[in-house]
Amino acid sequence: GFDMKIAVFAGDGIGPEVTGEALRILDALDLPLSYHEGDVGGAAYKKHGHPLPQATLDTAKACDAILFGAVGDFDCDHLSRDLRPEQAILGLRSANGLFANLRPARVFPGLEDTSALKPEIAAAIDLLIVRELNGDVYFGEKGMRTTADGLREGYDVMSYDESEVRRIAIAGFEAAKKRRGLLCSVDKANVLETSQLWRDVVIEVSADYPDVTLSHMYVDNAAMQLVKNPGQFDVVVTGNLFGDILSDQASMCVGSIGLLASASLGERKTEFGTFGLYEPIHGSAPDIAGKGIANPMATILSAAELLRHSLGQEEQAARVEAAVAKTLADGILGGDLGGSAGTREIGDAVLARL
Ligand code: NAD
Ligand code: IPM
Ligand code: MN
């Protein structure tokens, strides 16, 4: 039937506050949407004894897309790693084969002055980080052991096989082809074997994309260049850990972490598009949770990505993005951007401009 099923996993901290606003926007679009809630994170642990219950995984599988808030709860930081809230997001990404994480960062007109960079440098930012999401040091063997000298030792194995690199490289080239045709691959090939393989495979894949200009950059330099001259970047393709760090950095280059959306995609197709998980790049922000002051824009923009990639609703996605841009241009800003608008007020303002 013509039913677009969205799994809604609000999670912890500000998660429910920001997803609440995104749902109000989706509701206003007059699409045949149905919502299917599920428990994740610390909230799920407290209710069911697990951060990612089987019922939540089942709900995800039965839907066309997931709208995800955030997970993370200090109360749970003492638990064994497999029971921590963060395992919910890691588990959803891996269980659903969501290996390509798209994190766009651009300066919205009028917000040049809210960037941590000089306005003329910030004004040029329009980039997309394509972060690998199912491998790297995140998913290698890890543990605690005792050395021969009786010292405690923690370890996390970093690895990529060539098929994992190839599929994310293809995602990077495909994205660049649709944008300005520039792909910068970020690695640490001067030190890491994983990165040497990464670089070799990206170069192999580049043969299929003669119209995309490929460059390579070490991650330390990339962090520097992102502040010095972010306008040079179009698409950045990188591993799980580097992409995590660079995307938080990119968020402050455009003004706030409360603005950055993400889409996590794999190969599974649905009736309307590609199955995906959509979430702000930020976390549960326990320092501001429950105060009604979290910026919901990153989640609203994530909902726009959901409309685009998973529901085939490009026009509606663009409509939501235009309403967000108008709201920001009108100076309706949260505390994170130096304004005073609350979560609900920002949601109202976007609704009014749809
Ligand atoms: P965080 O992103 O939650 O917060 C970092 C800072 O940014 C805080 O000062 C916070 O108040 C601010 N901030 C974040 N989102 C905001 C928003 N929408 N509006 C205004 N300000 C915002 O990162 P953290 O403090 O390092 O982590 C807190 C918890 O969240 C941890 O448990 C962490 O593991 C988890 N986390 C989860 C995700 C996720 O669910 N995908 C992502 C990152 C961190
Ligand atoms: C993110 C987060 C997660 C990550 C954590 C919470 C597991 O920081 O989505 O950026 O590192 O991927
Ligand atoms: Mn992160």
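Me: Which residues go into domain 1 and which into domain 2?
Reply: In this predicted model, the domain assignment places 1–107 together with 257–354 in domain 1, and it places 112–254 in domain 2.

Me: How far apart do the C-alpha centres of domain 1 and domain 2 lie?
Reply: The C-alpha centres of the two domains are 23 Å apart, and the contact between them draws on 21 residues from domain 1 and 27 residues from domain 2.

Me: Which elements give two or more residues to the side of domain 1 that touches domain 2?
Reply: Those elements are α4 (86–95) and β4 (100–106), and of the elements on that side it is β4 that gives the most, with 7 residues.

Me: And how many residues of each class are on that side?
Reply: The side of domain 1 that touches domain 2 has 13 nonpolar residues, alongside 5 polar and 3 charged ones.

Me: Switching to the whole protein, how many helices and strands are there?
Reply: The protein has 12 helices and 12 strands. Its radius of gyration is 20 Å, close to the 20 Å given by the globule rule for 354 residues, so the protein is as compact as a globular protein of that length.

Me: What box do the C-alpha atoms fill?
Reply: Taken along the principal axes, the box filled by the C-alpha atoms is roughly 60 × 50 × 45 Å.

Me: What share of the residues is buried?
Reply: Buried residues account for 49% of the 354 residues. As for contacts between residues at least 6 apart in sequence, 75% of them join residues at least 24 apart.

Definitions and conventions
Residues numbered from 1 in each chain as written. Chains lettered and ligands numbered in written order. Predicted model: local features only at pLDDT ≥ 70, side-chain atom pairs only at ≥ 80, totals over all residues. Helix = DSSP H or I, 4+ residues; strand = E, 2+ residues; numbered from the N terminus. Rg over C-alpha atoms; globule rule 2.2 N^0.38 Å. Buried ≥ 20, exposed ≤ 12 C-beta atoms within 10 Å, placed from the backbone. Contact = placed C-beta atoms within 7 Å. Domains from an automatic or database assignment. Nonpolar A, V, L, I, M, F, W, Y, C, P; charged D, E, K, R; others polar.
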